[in-house]
Amino acid sequence: MSTSKDYLPNSDALYDRVIAALETVRPYLQVDGGDCQLVGITKDMVVDVKLLGACGSCPMSTITLRAGVEQAIKKAIPEIARVESV
């Protein structure tokens, strides 16, 4: 069974928009020793991110993902359905 996802190509303009939205929350994550990395965007508009550094092991990372990262992305790009940590 394959675990690879069907991501949009990196050349899709949506990637630039998601990266720009991530840049708005990145300073807040970095202040606490964390960061996030865009992994991919699925065809059903789910953004996969990887939480890095302190964010990757923090017990509050789910709240950070939903209240911070997901809200910033969905505010900038309403067609995004959700953001998932991988």
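A polar contact is taken here as a pair of N or O atoms within 3.5 Å, where, within protein, one atom must be able to donate a hydrogen and the other to accept it, and where residues adjacent in sequence count only if both atoms are side-chain atoms. The structure is a predicted model, in which local features need pLDDT of at least 70 and side-chain atom pairs count only at pLDDT 80 or more, whereas totals for chains, interfaces and linings use all residues. Residues are numbered from 1 along each chain as its sequence is written, and side-chain values use heavy atoms, with hydrogens and water left out.

According to an unreviewed UniProt entry, residues 20-84 carry the annotation "domain: NIF system FeS cluster assembly NifU C-terminal", although such annotations may be inferred rather than shown by experiment. Over residues 20-84 the chain is 49% helix and 29% strand, with 17 Å between the end C-alpha atoms; helices (H or I, at least four residues) and strands (E, at least two) are DSSP runs, numbered from the N terminus.

Within strand S1 (residues 34-41) lies Asp35, which is buried at a relative accessible area of 18%, buried meaning under 20% with a 1.4 Å probe and protein chains only. The side chain of Asp35 makes a polar contact of 2.6 Å with that of Arg26 and another, of 3.2 Å, with that of Gln30. Once neighbours within four places in sequence are set aside, the residues in contact with Asp35 (heavy atoms within 4.5 Å) are Arg26, Leu29, Gln30, Lys50, Leu51, Leu52 and Cys55.

Leu8, placed in the segment before helix H1 (13-31), is likewise buried, with a relative accessible area of 13%. Not counting residues up to four places away in sequence, Leu8 touches Leu14, Tyr15, Ile41, Thr42, Lys43 and Met45.

The largest pocket holds about 170 Å³ of space, a pocket being an open set of points on a 1 Å grid over the protein atoms alone, with protein on both sides within 12 Å along at least five of seven lines, and lining residues having an atom within 4 Å of a point. The volume is the space filled by probe spheres set on the points, which are joined across faces, edges and corners. Among the lining residues of this pocket are Val25, Leu29, Cys55, Cys58 and Thr64. Two or more lining residues come from each of H1, helix H2 (54-57) and helix H3 (61-76), and H3 provides the largest share, four residues.

Note on methods. Buried means under 20% relative accessible area, exposed over 50%, partly exposed in between (1.4 Å probe, protein chains only). On a 1 Å grid over the protein atoms alone, a cavity is a set of points where a 1.4 Å probe fits but cannot get out, and a pocket is an open set with protein on both sides within 12 Å along at least five of seven lines; lining residues have an atom within 4 Å of a point.
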